[in-house]
Amino acid sequence: MKRREILKTLTMLPLAGSIGNSGSIVQSVQAAPLLKRDVFSEFGLRTFINASGYFTSLSGSLMHEEALDAIRDASKHFCRLEDVQDKVGARIASLLHAESAMVTAGAFSALMLGMAGVLSGNDAKKASQIPFLEGSGIKSEVILQKAHNDGYAHALKNCGVKLITVTTAKELENAINENTAMMYFINYQATLGEIQHAEWLKIAKKHKIPTMIDMAADLPPKENLWKFHDMGFDLVCVSGGKFMRGPQSTGILSGKKDLIAAARLNAPPRGNNIGRGMKVNKEEIFALYFALERFINTDQDQEWKMLEDRITVIANAASSVKGVKAKVIPLLLINRIPTLNISWDKSLIKLDNLATNLREGNPSIEVMGGPDGSINVTTHMLKADEVKIVAQRIKDELTKAMV
Amino acid sequence: MKRREILKSLTILPLAGSMTAAAAPLENVFSAIAPAAKRDLFAELGIRTFINAAGNYTVMSGSLMPADVMDAINTASKKFALIDDVQEKVGAKIAEICHAEAAMVTAGCWSALMLGMAGVLTGMDNKRVSQVPNLAGTGMKTEVILQTSHSAGYDHALTQAGVKLIKVETRAEVEAAINENTAMLWFLNREVHKGQIKHEEWLEIGKKYNLPTMIDIAADVPPVENLWKFNDMGFDLVVISGGKAMRGPQSSGILMGKKKYVAAALLSNNPRGGIGRGQKVNKEEILGMYAALHRFVNLDHQKEWQMWEAKIALIANAITSIDGVKTETFIPPTDNNMPTLKVTWDSSKIKLTNIEMGERLRQGNPSVEVISWEAPNTIRCGMHVLEAGEEKIVAARLKEELLKASVKS
């Protein structure tokens, strides 16, 4: 054994008494904390006002004080990670109407771990074989609708399964066989597929196939957090770092008790599994829980009204420039947030790089590109005092470009 | 469908002017919620906290982040920045400190192993990035060679990128195993004493056959010099954990080495899709990792070492006079290379198994974790994870349990 060999090679140092008065040395010699540093300017990092959204590449969302407090408090003590997942998972599950839950390193991680749990069950050997399913006796196919195959299903493929895409309910029934491990549904693509939630679940139940739904960015409404459990999905995946404003590298996998237990077999702190690289630490787990609590306790309607009022301020400023149109665009299922499209009459305003100008201005502002050179603006990631700045900057750029 | 109805019912709303004075509602609705009373989340959730006299174990939540790291996390949380920007700028600084061409922060050492492997396989080819780990028929190489004795469980991370592990013992076996499918030569620093082939020879073989090399030094600092030693030696990729002796966020690690491989590894990582998307690190962790590294390289390591020895002496002094108890310093030679206190006892004089001792310390108040699973009638205590003053509590608790189990003569 490793340790034993190491033991043999070591001379054993007699120690007791070898150091005399050790009182002062015992005190920590940790270097004095450095001066408070502005990490952003130290690294020359561009920070920006986020009028775009909680996109991963834009570093998600900003955590509320509650989440930061949780991180600070959690950082002070050692505890067992399994304990944290057990206890926090149970609280999250009860908030979400789920049997069980765990915190993951994002929604993608939740997809992978949920998939791995379905494949391995309670068998650690099987867990260690993922993603090499051939000859392992592990089921190897996942069925989804063609319209739902949008790139995130790559997470499932990382576990070694083949994706079988179908269009109609009939095709779905035909595709089910003894290798079918799971039926996967992406909520935000629901309107694009022929088969809706209820029918998907009904067919799955009939054939006793576990179901998973990905609703990564489908908050608000907050009711989505429990709606799909109530409907009967076996596993639900959601991102923690978007509208919920938990740590960016967190997500939640919630659902059936046996499947969550199996998923945890594939996750840290255990090794020899597909999930070991998807670490979440105790600070993140606690912070996500606090963020979730806060999110659920927030007055959704009041918040929505605030977002619309902010949109109004920006819309008013933009459309005060002659030739500019500012319209709220229809809501989608994903990122279901009031979004303002700002476009302009190109004969009156010569501007083809408004988004870039805003990015390169001071302060830097990120917006989304819209159709035909227009821009899309959201207000949910803005701090209160940033609303007017965004409105003014947009107005200035448009005014400057007037013919 | 409800959604469809919603969509249909939504005409594009003309907005300008529809609201008058909107100033008040602009205030964040959140500010209306009074901050909750300060909560003790461990107590609230019934989670046992403990004095860690064991070590930087993942199950025990790694290490405690020092003030510098927490400050970085806190500052990083206040503003938006591009994740790519953060990785690029922080990576450059880390690379400079560690004598590497490039570096990136990963979600732990395992993640660094997997992403480094993926980078070697894909290069800068996005199509290949989307194909990993299903390598068959893609034209990507499929085999990694390592020494049998280095196959200690962590090599599993490489297989997640789709490769097969080819295990060898001798140099002749390595050379025989190398073929056109060989993607990389992998070395686990911790097991260097057990393998026939040492660092230099491994690198020499890699150079001879023009194969990239990766070394895993997950828990192998201190000594601090290990941070750059293997880059200086010529390994193409070096991976290390951030949440152990360096005391960065537990879910962080570093992948560093040749620019072309690190750049390629970033393609498989968040914020992009691909095999690493599930291994998210956020800007707080990336900057926290850097702060930890910065602190670690600037520490007075000699003083740290003396402090650990002094703590060992304090605990040892408290218990060596107990009949049947022996104490000694044990320094793991490669990983976790820091002095620990090894306590052994004569089972005829002290009626207590090592497992029972571990359990009693765990159940005591305050709860204390030690390494109690290694050998009969033996426990080991790590000093580098103790907070100031905790060594006295550990000494008292050990003494108490040893005396309680002593056979009265």
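**Chatting through a two-chain model**

User: Let's start with I315(B): which residues is I315(B) in contact with, leaving aside its neighbours within four places in sequence?
Analyst: Those are L341(B), C381(B), E391(B), V394(B), A395(B) and L398(B). Two residues are in contact if their C-beta atoms, placed from the backbone, lie within 7 Å. Bear in mind that this is a predicted model, where local features need pLDDT of at least 70, side-chain atom pairs count only at pLDDT 80 or more, and totals for chains, interfaces and linings use all residues. Residues are numbered from 1 along each chain as its sequence is written, with chains lettered from A and ligands numbered from 1 in the order in which they are written.

User: Which residues have the most contacts inside the largest nonpolar core?
Analyst: I315(B) is one of them, along with M115(A), C237(A), I314(A), A103(B), L255(B) and M256(B). That core has 253 residues. A nonpolar core here is a set of buried Ala, Val, Leu, Ile, Met, Phe, Trp, Tyr and Cys residues joined through C-beta atoms within 7 Å. Buried means 20 or more other C-beta atoms, placed from the backbone, lie within 10 Å of the residue's own.

User: OK, how many residues does the contact take from each chain?
Analyst: It takes 115 residues from chain B and 116 residues from chain A. Helix α14 (residues 301-319) of chain B gives the most to chain B's side, with 12 residues. Helices are DSSP runs of H or I with at least four residues, strands are E runs of at least two, and both are numbered from the N terminus.

User: Which strands pair across the two chains?
Analyst: Strand β2 (residues 78-79) of chain A pairs with strand β2 (residues 49-52) of chain B, antiparallel, over two bridges. Pairing requires that DSSP finds at least two bridges between the strands. One of the bridges has C79(A) partnered with T49(B).

User: Switching to chain A, what does strand β7 pair with?
Analyst: Strand β7 (residues 211-214) of chain A runs parallel to strand β6 (residues 180-186) of chain A, joined by four bridges. β7(A) also pairs in the parallel sense with strand β8 (residues 235-239) of chain A, over three bridges. I213(A) is the bridge partner of F185(A), while M212(A) has L235(A) in β8(A).

User: And which way do the residues of β7(A) point?
Analyst: T211(A) and I213(A) point one way, M212(A) and D214(A) the other, and all are buried.

User: Last one, how many helices and strands in chain B?
Analyst: Chain B has 16 helices and 14 strands, and buried residues make up 53% of its 409 residues.

Conventions. Buried ≥ 20, exposed ≤ 12 C-beta atoms within 10 Å, placed from the backbone.
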